[in-house]
Structure formats: C-alpha cells, structure tokens
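Colleague: I'm new to this one, so please take me through it slowly. I'll ask as we go.

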Amino acid sequence: MDAIIENLPVFLEGFRNTLSLLAIAGIGALVLGIILAAMRISPVASFRGFATVYTELVRNTPLTLVLFFCAYLLPYLQFSPGYFTLAAIGLTVYTSPFIAEALRSGINGVPLGQAEAARSIGLTFGQTLSFIIMPQAVRMVIPPLINVFIALTKNTSVAGAFFVFELFGAARKITNLRGDEVLAILLAVAVFYLIITIPLGLIAGKIERKVTVLR
Amino acid sequence: MSSVLYDAPGPKAIARSRVLSIIGIILIAAGLVWLILVLGAPTVSANGAVQPGLWSVTRWDVFSDVQVWRTLGQGALNTLRMAGVAAVFALALAVLFSFGRASETRWIRVPTTIVLEFVRGMPVLLMMLFILLVFSTGSFWAGVAALSVYNGAIIGEALRAGIKSLPRGQREAGLAIGLTPIATRFRIEFPQAFRQMLPIIIAQLVVLLKDTSLSFVVAYDELLRSGVYNLSNFFGNRYSFSFFFVVLAMYLTINLSLSWLARVIARRSRSRGH
C-alpha cells in the first residue's frame, strides 16, 4: 500500500496526461469524424467512396500499428513534434471512423417519413436539418458516441507503450521501482481508469433508456 | 439512393453531383499523387546525408530474401495462434459470464456483475501487463488470458442481451414441460440467443484478432514485432517503412476477409431468420 501512497504524484501526473490525451484526441476525432460522416452521407459519389475506403482501412488496422507508425516511422520521415503529439495524432486518426459510423447510423436511424413530412410542409433543407432531423439524430447518437469515448479512454493506454507518460506508463515505471507490490499498483491504476469509464458508461445507459422511452 | 436528408434527385441535381464527383475524384487523386511523390523524394537529413526516397529499390531489395518472408509468415502464424486460442477461451468464458449474470441466485449474479464491470472498464493492455507480472505466465499466455477475459465479458453481455430479448414464453414453456431451470437455459434459451447474436459475436472476434497486436507491448513475437520491429532492427532502419507497409497489407488482408465473412454470415442468419 505504501508504494501507492509514496508514488501518488506519479500516478496523478499519469492520470493528468491520460485525461489530456483523451480530451485532445477526442476533440480531434470528433471534428474529423463529423467531416467523414458528412462525406459519407453526401450525394457526391466520389466523397462517399473516399470516406468509405478510409473508414474500412482504418477500422481494420490495429491501433498498435497506427501508434507504431506515429512513434517510429513519422520521426524517421522527419516529422517529430514530440511523442505526446504523435500519439494524439494516431489516436485521432484511429478513433475518427468509429465516430463517423456512430453519427451516420444516428442520422440514418431517423425515420424517412420525418424528413419527407418536413419537406412536404415546405421547410428548406437547412430547416429540415436543424429542426427535424438533428434534434432526433443527436439523441440517438449520444449513447454510441459515449461508448466510442470509453473505448478511446482505454485505448490511450496503448500510447503509454510508445513513450508517452500516461497511466499505463506510470504503471510500468512504478512496477519497475517496486516489484514487491505489483498487484496493489496495478489495481490502483485500474481504479484510475474505472473513474473515467464507469461514470461514462452509466451516463450512456441512462440516456439510452430515456431515449427509448421517448420513442 | 434514398436518404433522410435528400429527395430522390432530379436530372439537374444528378448532373450537378456528377460534376462535383469528378472534381472530387481529381482532388483525391491529386492528393494521393502528391503524397506518393513526397514520400518518394530523396530526403536530406540534418547532418547532410542524402537518403533515397521510400520507393527506391534500395529500400525494397530485402524482399528477395526468403528468410524475410519466413519471418513474416511465422509472425502471422503467431498472431493467428494467439487469436485462435483466445477466441476459444473467450467463447467459453462468455457462456459462463452470461449464465452468471442472468442467474436467479443473488450470490452468483451480483459478484459476476461486479467482475464484468471491472473487466470491461479496464484497458486490455493493462490486463496483459497485470497477468504477465503477477502470474508470470510468459507473454503468450498473458496475451491469451487478457484477451479471453476481456472479450469473454463483452460477448457474454451480448449473449445475455440475446437471452433477455427472447419472448418470455420460451422459458415458461421449457419449465412447463418439466425441464429444470438450467436445462431450460441450456437447451431452449441459449441456442436461440447464440444464433441471434452470431453477427455481434463474430464482429467481436475480429476485434480480438486486431487486439492480439497489443501483445507487441509485452514482447510476444506477433506479426508487428517480428515483422517490423525485429526485422528492421536486423536489416537496418532503412527498411522499416517497407516492412511496415507489408505488415499493414497482411493485417488488412486478414481483417478485411474476416469482416467480409462476418457480413456474409450476418446476412445469411438474417434471411433464414424469424
């Protein structure tokens, strides 16, 4: 137990880095995912094709490979803004197609009749989108989006294996120092992850139940 | 294509989107050509040494060596072996988890729920390190154990959802003809839930295959470690991009064909369906 108490600052630094990695990669992936989702549902065939190919390729590439590329090969190609930034880029790229898929399924999940009714009473495209489709789509999209963010939280641990000092990196460092209390240290790190993931999961579940009641 | 967002397009809109599409193709192609040219251009490093571009023959000539291909093949086999063993254990654990979670005895249900929440909220990588350090199992079994527990929990939840979505009459009928509760679950509810959730289960097994690459971190010689890391340590950094490229292609081939298989099975089980 004393291994945890005396190393608490190290844990907290790791936790802070995990949170900032989560925030930066989360926002980046959200922006990229919105662009991809827009391309995916656009009437222009070539944009649709590009977004589909990108989604399929990235979703079928292991995260470890993406982060390996960022941590080893991008510096070799003389692009080296530091390992934290590189890991954030990798996580952004890896997460964006999952966000795009969640958004797309939400928008396609709005019944066709809703949009047809909106158009037939004379609403413009912008009005249809902002008054009819989006309010319904956003509600359906939020639970799967939260699940993507939970997965992202857990995925930030892979960055710890590629020279970023976050919770997993902290776990490795402290277990090296204190080999006698490995179990307690790893449980403490797990608790830090659960502090993020379990509340997010509860919120997602709550929203999901609320939405299904409304429908 | 009918969409929530648009009416079926008329002739004018079709023409316009065709023009936009061609412009889009030109833009995307131009971007790709630019990327290929930039990667192919020789670079000058800080100390003034000129390195050949990434498509230059001097970066690809290792692939005439049979030993390289043998190493790559061994890496792929190791990856598949870990995925196969972990998949079997994950399915077995999933059955246990789903039964525990749906059990009528409180003393089984509550602890199972707690274990499941704990396992699902924790990174697989941390679990691998945990098992490696605490049980000193060696990297292969650490990877297998972590992947089976994590994916078992997720597949177990899917199975439970499947059992829950069955009509109540199924269970009642089973009990009414005199089957014990356990026999009802095994012989009536479980087969239906399994069939219904098959697409989700297979999709999760593809995720499991992808996640075997995490065992790179605990020093298991899977495809990424043996194919990119070890080979470029042996032959020199000059080749690391080429090795990465080939390993990426191998991963994509395996995963895309499995995903395709999952979709075929999903379609078939739906059309046979209810």
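Colleague: Which residue lies over the face of B:Phe216?
Modeller: A charge sits over a ring if NZ of Lys or CZ of Arg is within 6 Å of the ring centre and within 35 degrees of the ring normal. Keep in mind that this is a predicted model, where local features need pLDDT of at least 70, side-chain atom pairs need 80 or more, and totals for chains, interfaces and linings use all residues, while side-chain values use heavy atoms, without hydrogens or water. At 4.6 Å from the ring centre, the residue over B:Phe216 is B:Arg225.

Colleague: And how far is the charged end of B:Arg81 from the centre of the ring of B:Phe140?
Modeller: For the names, residues count from 1 along each chain as its sequence is written, with chains lettered from A and ligands numbered from 1 in the order written. In chain B, the charged end of B:Arg81 sits over the ring of B:Phe140. Its distance from the ring centre is 4.9 Å.

Colleague: Now rings with rings: how many aromatic pairs does the whole structure have?
Modeller: Rings of Phe, Tyr and Trp (its six-membered ring) pair if their centres lie within 6.5 Å; planes under 30 degrees apart are stacked, over 60 edge-to-face, and the rest tilted. Over all chains, the count of aromatic pairs is 32.

Colleague: What kind of pair do A:Tyr83 and A:Phe163 make?
Modeller: Their ring centres are 4.7 Å apart, with the planes at 45°, so the pair is tilted. A:Tyr83 is in helix H5 of chain A and A:Phe163 is in the loop between helix H7 and helix H8, so the pair ties together parts 80 residues apart in sequence. (Helices, H or I of at least four residues, and strands, E of at least two, are DSSP runs numbered from the N terminus.) To come back to your question, the kind of pair is tilted.

Colleague: Are those two buried, partly exposed or exposed?
Modeller: Buried means under 20% relative accessible area and exposed over 50%, with partly exposed in between (1.4 Å probe, protein chains only). A:Tyr83 comes out at 36% and A:Phe163 at 44%. A:Tyr83 is therefore partly exposed, and A:Phe163 also counts as partly exposed.

Colleague: What about B:Trp60 and B:Phe245: what kind of pair is that?
Modeller: B:Trp60 is in the loop between strand S2 and helix H2 of chain B, and B:Phe245 is in helix H9, 185 residues apart. B:Trp60 is partly exposed at 23%, and B:Phe245 is partly exposed at 41%. The ring centres are 6.1 Å apart and the planes at 90°, so the pair is edge-to-face.

Colleague: How are H3(B) and H5(B) set to each other?
Modeller: Axes are lines fitted to C-alpha atoms, for helices over the stretch in contact, with angles from 0 to 180 degrees between N-to-C directions. Here the axes are 9 Å apart at about 120°. Under 35 degrees counts as roughly parallel, over 145 as roughly antiparallel, 65 to 115 as roughly perpendicular and the rest as oblique. That makes H3(B) and H5(B) oblique.

Colleague: Last one, chain A as a whole: how many helices are there?
Modeller: The C-alpha trace of chain A spans about 70 × 45 × 25 Å along its principal axes, and 49% of its 215 residues count as buried. One of chain A's buried residues is A:Val158, at 3%, in helix H7. Chain A has 0 strands, and its number of helices is 9.
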